[in-house]
Structure formats: C-alpha cells, structure tokens
Amino acid sequence: MTPEELSAAVKSALIEAIEAGELTLEIPGEIRVERPKSRDHGDWATNIALQLAKEAGMPPRELAESLAARLRQVDGVSTVDIAGPGFINITLDAAAAGLLAKTIVEAGESFGHTEVLAGHVINLEFVSANPTGPLHIGHTRWAALGDAIGRLLRASGAEVTNEYYINDAGNQMNVFANSVLSRIHGEDVSEGGYPGEYVKELAEEVLAARPEVRDMDRDEARPIVRELAYQAQLGQIKDTLDAFGVHFDVYFSEESLHSGGHVRGALETLRAQGHIDDREGAVWLRTTDFGDDKDRVLFKADGEPTYFAADAAYYLSKRERGFGEKIYLLGADHHGYVARLKAIAACAGDDAEKNIEILIGQLMSVKGAKLSKRAGNIIELADLIKWLGTDALRYTLARYPADSPIDVDPDLLQSKTNDNPVFYVQYAHARSRNAARNAAAAGVDQSSFDASLLTHETEEELLSHLGRFPSVVSSAAELREPHRVARYLESLASAYHGWYAACRMAPSVAEDGTAEPVTDLNRTRLWLNEATAQVLRNGLQLLGVSASERM
RNA sequence: GCCUCCAUAGCUCAGGGGAUAGAGCGUUGGUUUCCGGUACCAAAGGUCGGAGGUUCGAUUCCUCCUGGGGGCACCA
C-alpha cells in the first residue's frame, strides 16, 4: 500500500463519517499522510483530525476516533491508534507494506511520476549567459538546479520548455566583435573590451573560416566577424552545457525581438494597456503601478530601446507562445529585477502572482578553484567539470536550497566515504547492483514474491522510505526545490545500507562450502533490492546524476 | 537610505504549523570468520540569534531588534 492509497482511504473515511452524520465540514483537497519521526508512532500518521477539529466543531480526538474506526476496516491496515492531541497513527500489515517492492519494480522508471502538475504549461528560463564568453561559476548553480527543476516538473506532469535567452543584441556584441577584430590583427584588446585569451581562440576560428576578413576594411569585416565569433562562442556554451547534462529546448535570440519588430510591438501593446508615459523625451513603462520602486525607461531619449524594453517584449513573446507560467531563475545579483519583471507581467494583463515566478539563487564558490587565464580571471564551468566531474558538481549543487550560499569543498567531493553525500548515494546503488549479481550467481531470481516475508525492522524501514518517493518528487516540483530529492536519496541510501547490513539476500554458505537452498525470502528480498535500486536511479536521474553498476 | 537572503549541535547543513528539533563530519564506545567494513550500530552534544504577536499548538507564519551575505543605473 502506498501513502497515496492510504491518503485516499483517509479521505473515504472522512466522506463516510460525513454521510453518516457524525460530522459536518468541507472535505479538504489534500490529505497528507506522513512518516512519523518515531517508529513508535506507526508506519504512517496524519494530523487531519487536528486540522479539521475547529471547522467540525468537535474535539480533535473525538474526530480522530470517528475516522480511526473506519480506517481499521481498510484492507491492509493493521492497527490504527489515536495519539497525543489527535494524531492518527497507522500501521500496515507486513504484506500490504511489502507489496510496494513489487509495485516499484513493475513501475520501473515511472515510479515517482505523478500528475500533480498536469495541465501546467511552463516556460523555464535559466542560465541565459551572454554569448560573449564562456560559461563560468556564476552560471553553474542555476544550470544544475534549473535542469533538475525542469526534470521534476516534467515528472509531475507539467509541460515544460527549458529556455535560454541569448543576449545577442546591443552594444556589447559590437564590443565583442571589436575585441575579436583586434585579435585578428594581432593587437591588444582596447579598454572596455573582452580581454580573455579565449578571444584569441575565437579570432583563430574566425580566420580559419574566413581568412579574408583580415584584409577587409574593419567596418566591413565587423558584421562577419561578429556573426562567426558569436556562433563559435555559442557553440562552446552548448558543448559545456552538454557536458554538464543540461538540455535546452529553445535558444531564444534577443536580436530576433528587435529585427522582428517585437520590441516596437510590445510598446504598442503596453501603450494600449495604458501603462506608457512619455516624459523628458523618453518612453517610460509605469511599473510603479504594480509595486516597482520607480518607473522604467523603455526607449531612451535618443530613441534607442533599453535592455528592459527587450525584457518586456520577451515576456510578451512567452505569453503569446502559450506559456501560462513563466519561471525565471536568476542569480542574487539580479534580485533588483524582480519587481520590474513582475510589473511587466502585470502591465501585460497577467497575474503577477500566478503567471510569473522568479526564483533567486545565492552565489556559490569553490575552495581553491583556479581562475582561468583563458577566460580572463573567472572560474570556467568547463574547468570545474573537468576537475570535479559532472556528477559530483551537480549533486552537490542540487542538495542545497537555492537561497543558501554554498562553498564547495573539492577534497570532500573527491573522497570516497560517508561524508561525501554523492558518493554515499551512488555507492548504495553500486552496492545494490553488486548484491544483485551475487544473488544471481547464487541462483536467486525473481520467480516468486511473498510480501508477508518482509518483516525485519530494517525492511519495514526501507519500505516506508521507498513509499515516500512520489510525494517527495511532487512536493519538490511544486516548491521548485530539488534539494528535497537529494536529501531523500541520502536517507534512502542510509536505510538501504542498514538493511544490507542486517538482511542477507543470497543464501548463507556453511563452513564446508555448501550453500543453503534458495528460499522465497531470498527471492523476495531480491525484489526489495531491485526496488531500492530503481528508486535510487529514478531520484538521481531527476538530479542529472548517473547511477553506475560499479564504483 | 531602500530592497533581498541568511542566523538551528564543536563544524557543514536539513527541517511545507504538530508528538521527544534531525543528518553527515568530529568526539567516545561497539559490529555479523560468508552478498564490497568505501558499510553498520550506539552514546555524548541544542536557550532553534533576541523580544513581542497570531494559533489549541511556532524552529516554521507576522512585526521589531541585533549580527552577517548580496543588490540599487536612461549599464549590458
């Protein structure tokens, strides 16, 4: 029996009690059953009676008793107790609890997937690094978290587009092109340009493709150089993201907003909505109507659009493309943008609470990381991946909430002991594969399954952890908090190691070398082993971390 | 000045209004001659920064204070 089924049973009990006239109240949309902290409190517990006592106008314990009496009749429920102020503690039959192992193995990769976010069409924008240089440490955290959030949302039934906004417009691209041009001519990059060594590499790439640009007039060469260097740099960014296991469905060009007339179009749309002021020669969006601390300029007095104008046009584009929810993942250095982005949504006629969501992530650092001379004294993501590996990096970034600053310890990430969480979890999986190989060699197969045999304390513990997985995934998706999955995997790994230490899966071998016969207990435990491995794999997959057969 | 995030065990950190606040490390003491000891079990260790408030109940929600991180543009 899964917690979801139990939750449904509690709901039915509630409905029956209402129909029997024992109480009057509205049925809550969601009834949660949770795993109690103490095992003395049963397998699962719910505080529903405490929550509803006021509305029902009856003491919580009395309400709890009314529900408990019905729950005791449910198939698979062993005991139901009322505790403390009105908690309902439920213990399942060993067989009902153990059946979960089979359920998981049969569900395979889809175990943990739900439909809690079905119908949500989400645009998830993250990274969006400027295409004028390589990805660096500042992009790393959101690359890992954003990709994991996308996976969580999809696993929960949402339709998600991972999107990367390319800032390929504006003066910075000319500065970039000039820097490459300087390198093409063997000159130093002028003040304010891009000084990194990688610009030399880009210059070489450009020259290899179009040697003639060296001899062209610079004004003539600039657009060609700009385009080629831009394509080369964007290609490198995509390669790095690929190595990091991060996938984008759409790379959206800022330039296309300008050339396609969408920036001007956005102005007209917003003007029609009545939120535009013309003052001091400039065109302003009255964002203060919606909580921003000052109005924002869309078009400067010289007639040029601001970056903010493109932001507005981009938001409208997302809206027109049918995304009900637009999620932005921004670094803490961009938190000043929150109010104005929300104001754009409100000016466009959207609900700033529901249609736009802006997540702010704190910065990260890595102890002892070397600055890249190539990229101009920043720490490159590509270097971090080579140094620490995608798995260690992604897992570490995924295990902390985005709003806590982190300082990654490279020594820890490379250690192969308990204190390295990524190792601990991956080792649990590798150990399960090894155990399965040994079991197979000993003749243990999955030809029979008897859930009632899974009675050991550590088996009950392991099963209850396994049962939590779907709700961990769905709540992580709803809260946009992948770290819940990582923390869960650590507790699951711990329960697995505990079980492994206490319960043998392969038959024992006597002193004279003869093996005990294979029993149904051996076979059933193999199912449990496989179920755990499946959940570990599914969880790691959501974080973009691999699960290997051996370590 | 304004905005924002944070403050929980010696350290690094979890903790979506509920029961005795948890994990790893570190410390102390243990563990099955057999599936990987790269593991497991146990003990010690807390005024949840401070003060109010909401609530049957607050580490959790609200306000203020203290201490720390980050941020304020007709830049991109």
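Tutor: A definition comes first: a pocket is an open set of grid points with protein on both sides within 12 Å along at least five of seven lines, and its lining residues have an atom within 4 Å of a point. Please keep in mind that this is a predicted model.

Student: Which residues lie nearest the centre of the largest pocket?

Tutor: They are S128, N130, N167, Y307 and H334, out of a lining of 50 residues. The volume of the largest pocket is about 1100 Å³.

Student: How does the lining of the largest pocket divide by class?

Tutor: There are 24 nonpolar, 19 polar and seven charged residues. In terms of domains, at least three lining residues come from each of domain 2 and domain 3.

Student: How is chain A divided into domains, then?

Tutor: Domain 1 covers 3-92, domain 2 covers 126-257 + 362-411, domain 3 covers 260-317 + 342-357, and domain 4 covers 415-543. Between the C-alpha centres of domain 1 and domain 2 the separation is 53 Å.

Student: Where does the second largest pocket lie?

Tutor: It lies between domain 1 and domain 4, because both give residues to its lining. This second pocket has a volume of about 960 Å³. Its lining numbers 31 residues, and E4, R32, S471, V472 and S474 are nearest the centre.

Student: Now for packing. Are helix 6 and helix 7 roughly parallel or roughly perpendicular?

Tutor: Their axes cross at roughly 75 degrees, and angles of 65 to 115 degrees count as roughly perpendicular, so helix 6 and helix 7 are roughly perpendicular to each other. The axes of helix 6 (residues 171-184) and helix 7 (residues 198-209) come within 8 Å.

Student: Which residues make the contact?

Tutor: Helix 6 uses F176, S179, V180, R183 and I184, while helix 7 uses V199, K200, L202, A203, V206 and L207. Of the residues in this contact between helix 6 and helix 7, eight are nonpolar, one is polar and two are charged.

Definitions and conventions. Residues are numbered from 1 along each chain as its sequence is written. Chains are lettered from A and ligands numbered from 1 in the order in which they are written. This is a predicted model: local features need pLDDT of at least 70, side-chain atom pairs count only at pLDDT 80 or more; totals for chains, interfaces and linings use all residues. Side-chain values use heavy atoms; hydrogens and water are left out. Domain bounds come from an automatic or database domain assignment. Axes are lines fitted to C-alpha atoms, for helices over the stretch in contact, and angles run from 0 to 180 degrees between N-to-C directions. Helices (H or I, at least four residues) and strands (E, at least two) are DSSP runs, numbered from the N terminus. Angles under 35 degrees count as roughly parallel, over 145 as roughly antiparallel, 65 to 115 as roughly perpendicular and the rest as oblique. Contact means heavy atoms within 4.5 Å. Ala, Val, Leu, Ile, Met, Phe, Trp, Tyr, Cys and Pro count as nonpolar, Asp, Glu, Lys and Arg as charged, and the others, Gly among them, as polar. On a 1 Å grid over the protein atoms alone, a cavity is a set of points where a 1.4 Å probe fits but cannot get out, and a pocket is an open set with protein on both sides within 12 Å along at least five of seven lines; lining residues have an atom within 4 Å of a point. Grid points are joined across faces, edges and corners, and a volume is the space filled by probe spheres set on the points.
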